[in-house]
Amino acid sequence: MTEERHIIWDNYDLDYEDWRADLEEEYPELPEDERIYLMHEINGEYLDDERTNLNIQLNQPILVIADLGLWHGRRMGYKEIESGNIRDCLYSERDIDYSTWYVDKLGDLRCDAVHHDGTNHMLYRTYKDGVRASQIDLLKEKIYYGKANRADITRVTRRLGDEIGKVYGWDFPQRGRITMLER
């Protein structure tokens, strides 16, 4: 059975009970509310560790395809991470309360980001070598108007999970198996 997702970093479901024994042993003098605060601080430092782990330079920029939960409804959008470095995917916008970065069963890097208006869902892909600027522009236009489908996206971009999987020891099905999984 293929795991649905491999979590890279998460601050949504932090459970103090999972941290209690270690924090009480390390900081017995702190009251519980301060240990809970410390749990969040330590977890935030782990995100920096993951950025270090994923300092992987790609040949192309990274396209972020977003399904945004806004106060006036859901909207599609995109942005590019010009650096082309996977670590730069692990940053949230200012107003995000909780984030979960993970690689799904298809090998796509994703983020679910919760904020006061709703949840944003991001998909990170890099452009394939050799694609033309006109193909990229057409894809961006389709995303902007909410018309892009999986075939449009995979025609111009490739997944990031293969590079990420090398760091964490995760494997993802190759292209032929992906088609079967999507059905």
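Rings of Phe, Tyr and Trp (its six-membered ring) form an aromatic pair if their centres lie within 6.5 Å; planes under 30 degrees apart count as stacked, over 60 as edge-to-face and the rest as tilted. The structure is a predicted model, in which local features need pLDDT of at least 70 and side-chain atom pairs count only at pLDDT 80 or more, while totals for chains, interfaces and linings use all residues. Residues are numbered from 1 along each chain as its sequence is written, and side-chain values use heavy atoms, with hydrogens and water left out.

**Overall architecture**

- The protein contains six helices and seven strands; helices (H or I, at least four residues) and strands (E, at least two) are DSSP runs, numbered from the N terminus.
- Read from the N terminus, the order of elements is β-α-α-β-β-β-β-β-α-α-β-α-α.
- Along the principal axes, the C-alpha atoms fill a box of roughly 60 × 40 × 35 Å.
- Of the 183 residues, 40% count as buried, where buried means under 20% relative accessible area, exposed over 50%, and partly exposed in between (1.4 Å probe, protein chains only).
- Contact means heavy atoms within 4.5 Å; among contacts between residues at least 6 apart in sequence, 63% join residues at least 24 apart.

**Surface and charge**

- The protein exposes about 11,100 Å², of which carbon and sulfur atoms supply 47%; accessible areas come from the Shrake-Rupley method with a 1.4 Å probe, and for residues only the protein chains shown count as cover.
- There are 25 positive and 39 negative side chains, with Lys and Arg counted as positive, Asp and Glu as negative, and His and the chain ends not counted.
- The centres of these two sets lie 14 Å apart, the place of a charge being taken as NZ of Lys, CZ of Arg, CG of Asp or CD of Glu.

**Aromatic pairs**

- A pair of aromatic rings is described by the distance of the centres and the angle of the planes.
- W9 and W101 form a tilted pair, at 6.0 Å centre to centre and with 45° between the planes.
- Because W9 belongs to strand β1 (residues 5-10) and W101 to strand β4 (residues 96-104), this pair ties together parts that are 92 residues apart in sequence; both W9 and W101 are buried.
- The ring centres of W19 and Y46 are 6.0 Å apart and their planes stand at 25°, so this pair is stacked.
- W19, in helix α1 (residues 16-26), and Y46, in helix α2 (residues 32-53), are 27 residues apart, and their pair links distant parts of the chain.
- W19 is buried, with a relative accessible area of 16%, whereas Y46 is partly exposed at 39% relative accessibility.

**Arginines over aromatic rings**

- A charge sits over a ring if NZ of Lys or CZ of Arg is within 6 Å of the ring centre and within 35 degrees of the ring normal.
- R5 lies over the face of Y102, at 4.6 Å from the ring centre, and R51 lies over the face of Y91, at 3.7 Å from the ring centre.
- R51 belongs to helix α2 and is buried, with a relative accessible area of 13%.
- Apart from neighbours within four places in sequence, R51 is in contact with R87, L90 and Y91.

**Helix α5 and its surroundings**

- In helix α5 (residues 161-168), the residues G161, E163, I164 and G165 are buried.
- The buried residues of α5 pack against β1, β4, β5 (109-115) and β7 (157-158).
- E163 has a relative accessible area of 16%, and its contacts, leaving aside neighbours within four places in sequence, are I56, L58, I86 and R158.
- Just after α5, G169 takes a positive phi of about 80°.

**Two further sites**

- C111 is placed in strand β5 and is buried at 1% relative accessibility.
- Not counting residues up to four places away in sequence, C111 touches S99, T100, W101, N120, H121, M122 and Y124.
- G146 lies in the loop between α3 (133-144) and α4 (150-156) and is partly exposed, with a relative accessible area of 47%.
- G146 and R75 are 71 residues apart in sequence and 7.9 Å apart in space, C-alpha to C-alpha.
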